[in-house]
Amino acid sequence: MAVAAAAALLTAVTSGLAVTAAPSMAAACTGYVALTFDDGPTAGNTTTLINTLKAAGVRATFFNVGQNVQANPALAKAQRDAGMWVGNHSWTHPHMTQLSQAQMTSEISQTQQAIQQATGEAPKLFRPPYLESNATLRAVEAQFGLTEINADVDSQDWNNASTDQIVQNASRLQAGQSILMHDWPANTVAAIPRIVSNLSSRGLCAGMISPATGRAVAPDGGQPTTPPPTTAPPTTAPPSTPPPTTPPPSTPPPDPSGTCTATYRLVSSWTGGFQGEVTVSSTRAVSGWTVRMTLAGGQSISNVWNGVATGSTGAVSIRNAAYNGTLNAGGSTTFGFLANGSSSPAPSGITCAGS
C-alpha cells in the first residue's frame, strides 16, 4: 500500500467515515510479523485503533488487561469480531515477578475468564507486564495452556516516542518477529499506515502469533511458501561419465575470523532489571551461531527469546533457536533477554561464532 493511500485511509477512519478494509496482499508475502498492542481495551482508543487496522487491511494481536476487559467487554468482543487475536496481559498489570505463585495464578485466571466471557474464547497467549518473567510465572502460564510472548522490537510508544520514531523502530522487524505497541498512544495509531507500507515494501505481511512457537506466522497459521527454482535445460549433453567430485566434509569448517559479529543494544531498563537485544550478523552463510558474553556482577539473565542460554550469571552463551540458526551471507537475526540487576555496565566481551 502506498504511503499516500494509507494516510488517506487513516484520515477516513479518524474523521468517522465508513471504510472498507483493504484487500489482503498475502500473495506477495515472503514472511510474516506480528503487530501487538498492549493494555486495552479502553474507551475512546480501542475503536479507533481497530478501524485503523481494518483500513490498512491488517490483523493484529491485542494483549488485554483483565480489569479493562471487565469494564469494556463490548470492546473486547469488537476486537475479536474484527478478526483480531486476543491475548492475556494480567488482571491489574503488576510486576508479576514480585508476586506469590497464588497471586500470579489469580492475575492470569481472572483475565482468562473475563476474556472468554467477552469474546467466547480463552486466550492462548500471555504477555507479562513490563516483559518481566521467571520460572514460577512460566509454570503458572503452563497451567492455563498459555504461551509466553515477549517482543523482538520495542516501538517505545509507551515512552512518548513520536510517530516518526515508532515507524523507524518498526522498520527493524524481520520475518517471524513481533513488535510491542500499546492501545492508547495517538502516535501509534498515526504510525500504522506507514508501518504497513514499509512492511509491504519488504515483502512482509502482518500475521498471527503461533501458540506452538511464539513466532509470527500467516493469519491461517501457516508459513509462506517459496516456489522451487526453475532450472534451464543444459545447452550441451552431459558427459557420459561424470567427473570425480570431492565429498563434502563431515562437519562444517570452523568459523573464519570476523565472519560472525554480535552487537548489543539496551532496549529498556527499570529499577532492578533491564531488557537487552543482540543482533547477530554474518558475512557468510552459516547453519548455526553462538554468542558469548560476560555479565557484570549483580546481573543475571531471567529469560531469553529467539535463543537458548547456557548459564545465567558471569560468562554466559546463547546459541540460536531451532528456527533462526541459518543465516545467508550478509544476513542477520536478533535475540532478546531480560536480566535482573542494573543495566550498567553493559555486558562485555561479546563474541560470536558461526558454523
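Reader: Hi! What should I know about the model and its numbering before we start?

Author: Hello! It is a predicted model, where local features need pLDDT of at least 70 and side-chain atom pairs count only at pLDDT 80 or more, while totals for chains, interfaces and linings use all residues. Residues are numbered from 1 along each chain as its sequence is written, and side-chain values use heavy atoms, with hydrogens and water left out.

Reader: Thanks. How many disulfides does the structure hold?

Author: There are 2 disulfides, each being a pair of cysteine sulfur atoms within 2.5 Å. Numbered in sequence order, the bonded cysteines pair 1-2, 3-4.

Reader: How far apart are the sulfur atoms of Cys29 and Cys205?

Author: They are 1.9 Å apart. The torsion about that S-S bond is about -90 degrees, so the disulfide is left-handed. Cys29 lies in the loop between α1 (3-14) and β1 (31-38) and Cys205 in strand β8 (residues 204-206), so this pair ties together parts 176 residues apart in sequence. Helices (H or I, at least four residues) and strands (E, at least two) are DSSP runs, numbered from the N terminus.

Reader: Is Cys29 buried or exposed?

Author: Cys29 is buried, with a relative accessible area of 9%. Cys205 counts as buried too, at 13%. Buried means under 20% relative accessible area, exposed over 50%, and partly exposed in between (1.4 Å probe, protein chains only).

Reader: And which cysteine is joined to Cys260?

Author: Cys352, with an S to S distance of 1.8 Å. Cys260 lies in strand β11 (residues 260-270) and Cys352 in strand β18, so the pair ties together parts 92 residues apart in sequence. Cys260 and Cys352 are both buried.

Reader: Since β18 came up, what is the strand order in its sheet?

Author: The order is β15-β16-β13-β18, an open sheet of 4 strands with antiparallel pairing. Its edge strands, β15 (307-310) and β18 (348-354), each pair on one side only. The twist averages 20 degrees from one strand to the next; axes are lines fitted to C-alpha atoms, for helices over the stretch in contact, and angles run from 0 to 180 degrees between N-to-C directions.

Reader: How many bridges join β13 to β16?

Author: Strand β13 (residues 289-294) has 5 bridges to strand β16 (residues 315-320), and two strands pair if DSSP finds at least two bridges between them. Arg292, for instance, has Ser317 in β16 as its bridge partner.

Reader: Zooming out, what does the secondary structure come to?

Author: The protein has 8 helices and 18 strands. Of its 355 residues, 48% count as buried.
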